[in-house]
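Q: Could you walk me through the charged side chains in this one, starting with how exposed they are?

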Amino acid sequence: MTFPDAMIAPTREAGSQTFDCILNSHSDCNAAICFNDYVALGAYASIHATGKVVGQTYSLVGFDSVPQSASLLPPVTTVELFLRDIGRKSAGLTLGRLKSPKRQYERLLIEPWLIARESVVKLRA
């Protein structure tokens with residue numbers, strides 16, 4: 001399935017438009033992992049419009065932990081990427097490289113964190 005460029009933008013509107021297409025052509029789809037939380041928020045609205053219930057009949061996960069994700073009922077599961085930490089550490093490394101161009105390369109790992117909320121259907125034993 002291919003989508004017009006406007007539909008693959010990382011926005012709430014694009015998420016809604018894209019999920020309208022996905023849900024119309026794949027009615028058996030019952031889970032999605034979205035590029036970011038804004039796309040997940042748009043998907044949330046489209047999923048709801050089909051009569052499916054996020055967290056009960058449809059699982060939804062986003063990335064980047066925007067505050068709006070926690071305010072929905074049910075709140076959206078997300079993966080915190082610590083973007084500010086990445087930016088801060090990247091800037092520090094860049095400034096260090098500018099001060100000392102022969103400085104040894106450093107590799108940093110900032111591990112993501114799953115924030116599990118009620119938007120994922122629970123496995124039944």
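A: Asp85 counts as partly exposed because its relative accessibility is 28%, where buried means under 20% relative accessible area, exposed over 50% and partly exposed in between (1.4 Å probe, protein chains only). This is a predicted model, in which local features need pLDDT of at least 70 and side-chain atom pairs count only at pLDDT 80 or more, while totals for chains, interfaces and linings use all residues. Residues are numbered from 1 along each chain as its sequence is written, and side-chain values use heavy atoms, with hydrogens and water left out.

Q: OK, and which residue forms a salt bridge with Asp85?
A: Arg88 does, with the closest N and O atoms 2.7 Å apart; a salt bridge here is a side-chain nitrogen of Lys or Arg within 4 Å of a carboxyl oxygen of Asp or Glu. Arg88 itself is exposed, at a relative accessible area of 54%.

Q: How many salt bridges in total?
A: The count comes to two, and Glu106 with Arg103 is one of them, their closest N and O atoms being 2.6 Å apart. Glu106 is partly exposed at 43%, and Arg103 is likewise partly exposed at 31%.
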